[in-house]
Amino acid sequence: MSVVYLLLRGWAAIVRASRRGLEVVGVLGALENWARRSRIALWLRSLLSLYDVRDFVKLDLPWWTLDSMSLVDQFLTQRPGARVFEWGSGASTMWLEKRAAQVTSVEYDPEWADMMRPLVGPSTTLLVVPATPTTSPTVPSQMWGHKHLDYREYVAAIDTVDGEFDLIVIDGRARSACLAAAMDRLSPDGMIVFDNTNRRRYRPALDAVSDTLRETTTTGLTPSLPWSTETTLLRKPSP
């Protein structure tokens with residue numbers, strides 16, 4: 001277990017303890033009332049939700065930029081029968097199932113999937129496809145600590161589900177490979193959500209589809225984070 005991971009978990013424990021204290025003195029309730037009227041207040045409240053999926057679900061937030069969340073919400077509102085595929089389960093899974101007819105989410109971490117199962121509803125299918133340990137992965141992840149894991153089957157999980165998808169979310173491992181796999185499964189007027197595109201390692205994958213997909217990048221406030229990030233939305237240009 002990495003030092004960075006331990007530090008993050010420790011910080012998350014401090015945040016949860018602070019949230020409990022604010023709840024006791026009544027500040028949390030006041031902040032939540034304000035958050036119903038203000039996006040800034042909603043973001044401030046989300047800072048107390050770090051690594052707490054259940055609290056994110058309570059706030060009805062995915063872990064993307066707030067601007068991208070609004071755009072995806074508008075997109076799904078116009079498509080009440082939408083089918084969604086998602087690499088990387090979490091609070092976004094429950095957010096999506098409230099707005100789409102069907103959600104399929106693939107997860108590489110069995111322990112995380114066990115935590116997610118009681119949270120998802122009947123319209124969500126949760127697939128568990130762990131990475132394969134190997135010294136020479138064919139589909140690697142550039143995430144620290146994942147060097148000797150092959151995500152080929154995880155990426156290919158989209159091909160185990162029939163039909164096209166109105167929305168495809170890329171927010172897990174091996175994201176560049178996921179984008180390539182998503183191209184043939186996107187409906188003609190569909191959208192791809194590619195999160196954390198501020199990470200420069202994803203730029204070549206985005207450039208590779210620039211002739212096919214129109215890119216809209218949102219930069220700004222992101223739930224639970226005190227700094228801005230990027231989420232990119234990709235769509236096929238109108239004829």
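Let me begin with a pairing: Glu86 has Ser105 as its bridge partner in strand 2. The model is a predicted one, in which local features need pLDDT of at least 70 and side-chain atom pairs count only at pLDDT 80 or more, while totals for chains, interfaces and linings use all residues. Residues are numbered from 1 along each chain as its sequence is written, and side-chain values use heavy atoms, with hydrogens and water left out.

Strand 1 covers residues 83-87, and five of its five residues are buried, that is, under 20% relative accessible area with a 1.4 Å probe, protein chains only. Arg83, Phe85 and Trp87 point one way from this strand, whereas Val84 and Glu86 point the other way. Strands here are DSSP runs of E with at least two residues, and helices are runs of H or I with at least four, numbered from the N terminus.

Strand 1 runs parallel to strand 2 (residues 102-107), joined by five bridges; two strands pair if DSSP finds at least two bridges between them. Strand 1 also runs parallel to strand 6 (residues 165-170), through four bridges. There, Val84 has Leu167 as its bridge partner.

I turn now to helix 6. Strand 1, helix 6 and strand 2 form a right-handed β-α-β unit: with the strands pointing away from the viewer, the path from the first strand over the helix to the second runs clockwise. Thr93 lies in this helix, residues 91-97, and is buried, at 0% relative accessible area. Beyond its neighbours within four places in sequence, Thr93 contacts Glu86, Val103, Ser105, Met116, Val120 and Thr124, contact meaning heavy atoms within 4.5 Å.

How values were computed:
Buried means under 20% relative accessible area, exposed over 50%, partly exposed in between (1.4 Å probe, protein chains only).
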